[in-house]
Amino acid sequence: MDQLARRLGVPDALVIGLGSMLGAGVFVVFAPAAAAAGGAGLLAALALAGFIAFCNATSSARLAARYPESGGTYVYGRKRLGPFAGFLAGWGFVVGKTASCAAMALTIGAYLWPGQARPVAVAAVLAVTAVNLGGIARTAAATRVLVVAVLAVLALVAVTGVAAGDVQLDRLGAGGGSARGVLTAAGLLFFAFAGYARIATLGEEVRDPERTIPRAVPLALGVVLAVYLVLAVVAVGVLGADRLAASAAPLADVVTAAGLPGLAWVVRAGATVAVTGVLLSLLAGVGRTLLAMARRRDVPGALAAVHPVRQVPHRAELAVAAVVVVVVALGDVRGAIGFSSCTVLVYYAITNAAALTLGRDPARKLPVQLLAALGLVGCLLLAVNLPLASVLAGFGVLALGAAWYALRHQG
């Protein structure tokens, strides 16, 4: 069986995790989350999404250290819960994250050239796929550059908002949403955290995975949660919940409201860089899950090939890119985000269920079993409280996958 090369240490794994998360939440999800939950509710939803992501990260890290293979919960589900649970996780991840790739590509197009968003999105997918086909070390190096640039832009927004903007902290308590609104917003905001598992899906390419993965996953998540909280406070404090909810480019509007509209182009450029970083890591992770499924013939076995020189699953990555291009031509950004959130929350519910079978871990001070149980319940709760269209589409596609699995394994 073709194997991938172990080339990533803790810094590289951390960078890939950051590149997978930074951007999606800040540039895409804050506005609809504020519309669902209001100002005070937005912060509560962000905290809830971050906590559930932490539970999932703990479970993912334990499982990835035990099973350092490409494929993430597709592998863990098979090992701990049986082949069907693994298949359902892999199916949900590949389908949901393919939709997410399309949403990210369309966001790039909307920022760079609104009048030609779809052609630009297709070009972005092709360019990012070319980088990934160059090898995982090249992916990590490109992501490192993107992460530094994005952090600089986000710091600019935060500093400008605090120093020049009219940050009114009383706005943080205004426009509080219902409990259902907070859950809906948390489910949408979870989309912004899900990238930390990219480290786990690259497990076969991480050096010393028992040490690297448990360090890199929670560290990446903690950094991103801190960044999101700061920016959420600044955005709500400057714009207010209603204006934030109606904004198409919230962070650019923060800079404009602070009296520095000339910096808006910097923020738009930063958004493009950030989302490109997300798309870069996202395509790599989806391709490797497809590789793991192909190795076990849950999808066509031809996709299991690993390039003899570049050491990347080139056929799987090309297949994912082709599907993303089709979705880009037909899809919608907000619909893709809701659909992706639903299927990926089910994926992480299976992650936590698998982690529960590991039992207690005396080497860890954290109550890992309790966190896994809370993560399992939390994922399902957020999934069913997403917008109705997202819930129906997400569970409908999962049901189709389950039916195909049952037919394939009859007799």
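Is the crossing of H4 and H13 right-handed or left-handed? This crossing is right-handed, and the legends below cover it along with other close-ups. The model is predicted, so local features need pLDDT of at least 70 and side-chain atom pairs count only at pLDDT 80 or more, while totals for chains, interfaces and linings use all residues. Residues are numbered from 1 along each chain as its sequence is written, and side-chain values use heavy atoms, without hydrogens and water.

**View 1. Crossing of helices H4 and H13.** Helix H4 spans residues 83-112 and helix H13 residues 314-330; helices are DSSP runs of H or I with at least four residues, numbered from the N terminus. Their axes come within 9 Å and cross at roughly 60°, which makes H4 oblique to H13. Axes are lines fitted to C-alpha atoms over the stretch in contact, with angles from 0 to 180 degrees between N-to-C directions. Right-handed means that the near helix is turned clockwise from the far one by less than a right angle.

**View 2. Helix H3 and the residue after it.** In H3 (residues 73-80), the buried residues are Thr73, Tyr74, Val75, Tyr76 and Gly77. Buried means under 20% relative accessible area, exposed over 50%, and partly exposed in between (1.4 Å probe, protein chains only). Just after H3, glycine 82 takes a positive phi of about 115°.

View 3. Alanine 373 is partly exposed at 29% relative accessible area, and leucine 374 is partly exposed at 39%.

Definitions and conventions:
Helix = DSSP H or I, 4+ residues; strand = E, 2+ residues; numbered from the N terminus. Parallel < 35°, antiparallel > 145°, perpendicular 65-115°, else oblique.
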